[in-house]
Amino acid sequence: MTAVPAAELTARAQKASAETVADVLTLVNHETGSYDLSRLAAGLDLLRELTVHRLGPPGREQRHPGGEYGDTLTLTYPGTGPGHVALVGHYDTVWPTGTLAGWQHPEPGDDGRAKLSGPGIFDMKTGLVQGVWALKLARESGAPVPTVTFLFNGDEEIGSLASRPVIEDVARRVDATLVLEPSAHGAVKTARKGSGIFRVTATGIEAHAGLAPQDGASAITALSEFVVAAAAVAAPAQGTTVNTGLIQGGSATNVVAGRATASLDIRVSSSAEQARVDEALDAIAVTDPRVRIEIDHAWNRPPMTLGAASAPLLDLARDVAREQGRTLSHTAVGGASDANFVAALGLPVLCGLGAVGNGAHAQGEFIYPDTVPTQTALVAGVLGRLATPLTGPATAG
């Protein structure tokens with residue numbers, strides 16, 4: 001039996017749209033900030049319950065403890081055809097517990113289209129639900145479907161420090177990985193910047209700011225010099241950005257600061273830029289030689305590009321979209337995701353198959369609910385075509 005036409009899957013998704021959106025709101029109304037372990041644990045329980053409600057018990061499941069981070073859950077549903085696909089998404093959000101109560105809902109746009117808003121609805125709880133319903137629709141179509149492993153992690157927004165080994169292990173065991181992060185206005189994401197979170201520590205000499213300022217060596221002054229110099233390392237034309245997002249230091253206003261720290265968010269588009277940034281930051285010198293500068297070069301995610309392994313997956317998704325009567329574009333974005341890890345292994349991966357909307361990490365983030373059936377059917381159609389191992393010519397399109 002061949003894969004079900006995408007148009008038919010879209011019609012099925014339209015009929016299920018109200019239930020799908022209701023599932024999205026169920027997840028959104030349970031807050032899961034990245035640092036609230038109790039809410040994360042309960043949120044993962046809720047996500048598992050929703051998945052089992054829609055798909056039945058998995059053939060295999062494992063909950064991987066996250067320690068100081070949210071746990072990672074893998075649920076594997078045996079297929080009716082060959083092939084094995086991973087559907088990956090995170091259930092943690094950037095929003096702390098309590099945000100929902102004061103959430104500001106956006107007004108409809110000039111086009112009058114309805115919006116749904118809530119913390120994490122765009123990034124990325126809608127994608128999680130669409131993935132579950134995509135498998136449900138694909139199975140109900142009667143056509144062969146591959147084995148599907150869902151991977152839900154609770155630490156993506158803070159670097160996937162605990163879940164990365166699980167993600168890489170699952171990716172090595174499957175034929176293709178689909179990451180259900182939000183789309184770029186409907187486009188899938190085939191290139192992402194690499195990212196690093198660098199911690200810079202300045203250690204100076206404390207002294208009384210009034211009685212003996214000359215005896216002190218200000219860590220704050222030195223760190224201020226450093227972050228200004230670090231900003232100059234950015235090369236926007238090459239896709240490299242440097243942002244000092246956090247800075248702390250000192251003990252009192254009348255004390256020359258003995259210690260100060262800064263956290264830098266660094267984004268690069270190539271490994272060559274990674275190396276250049278490392279060298280440039282290490283070369284920064286501050287005015288007072290008595291202050292010691294230490295840099296923790298913590299590169300978190302490697303750059304993601306559209307490689308030969310992933311190009312056929314993009315072609316396949318475009319074929320499904322054409323059957324839906326639309327053109328599927330792809331793009332490069334500045335944000336990183338768990339797809340970066342899979343791409344760095346040279347394995348097939350496609351990202352940005354989730355929600356259509358806007359405002360990730362911003363008050364009022366939203367989705368267009370009228371796009372939920374189309375996006376769900378797109379993933380369902382891709383699953384149907386992956387009921388055989390991914391093969392085909394590699395074209396960057």
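Select α3 (37–55) and helix α4 (residues 121–140), which are roughly parallel to each other because angles under 35 degrees count as roughly parallel, over 145 as roughly antiparallel, 65 to 115 as roughly perpendicular and the rest as oblique. Their axes come within 10 Å and cross at roughly 15 degrees, where axes are lines fitted to C-alpha atoms, for helices over the stretch in contact, and angles run from 0 to 180 degrees between N-to-C directions. The crossing of α3 and α4 is right-handed. To display the contact (heavy atoms within 4.5 Å), pick L47, L50, T51, R54 and L55 on α3 together with L128, V132, W133, L135, K136 and R139 on α4.

This is a predicted model, in which local features need pLDDT of at least 70 and side-chain atom pairs count only at pLDDT 80 or more, while totals for chains, interfaces and linings use all residues. Residues are numbered from 1 along each chain as its sequence is written, and side-chain values use heavy atoms, with hydrogens and water left out.

Next, centre on H30, in the loop between α2 (17–28) and α3 (37–55); helices (H or I, at least four residues) and strands (E, at least two) are DSSP runs, numbered from the N terminus. H30 is buried, with a relative accessible area of 14%, where buried means under 20%, exposed over 50% and partly exposed in between (1.4 Å probe, protein chains only). A polar atom of the H30 side chain lies 3.0 Å from the backbone oxygen of R39. Leaving aside neighbours within four places in sequence, H30 is in contact with R39, A42, G43, L46 and K125.

From there, move to A42 in helix α3, which is partly exposed at a relative accessible area of 33%. If you also select T221, 179 residues away along the chain, the C-alpha atoms of A42 and T221 are separated by 44 Å.

Then show helix α8 (residues 311–324) and helix α10 (residues 372–385), whose axes come within 9 Å and cross at roughly 125 degrees, so that α8 and α10 are oblique to each other. This contact is made by L316, A317, V320, A321, E323 and Q324 of α8 and by T374, A377, L378, G381, V382 and R385 of α10.

Finish on helix α5 (residues 164–173), and colour its buried residues, V166, I167, E168, V170 and A171. Those residues pack against β1 (60–64), β2 (72–77), β3 (84–90), β5 (147–153), β6 (176–179) and α9 (339–344).

Methods. A polar contact is a pair of N or O atoms within 3.5 Å; within protein, one must be able to donate a hydrogen and the other to accept it, and residues adjacent in sequence count only if both atoms are side-chain atoms. A crossing is left-handed if the near helix is turned anticlockwise from the far one by less than a right angle, and right-handed if clockwise.
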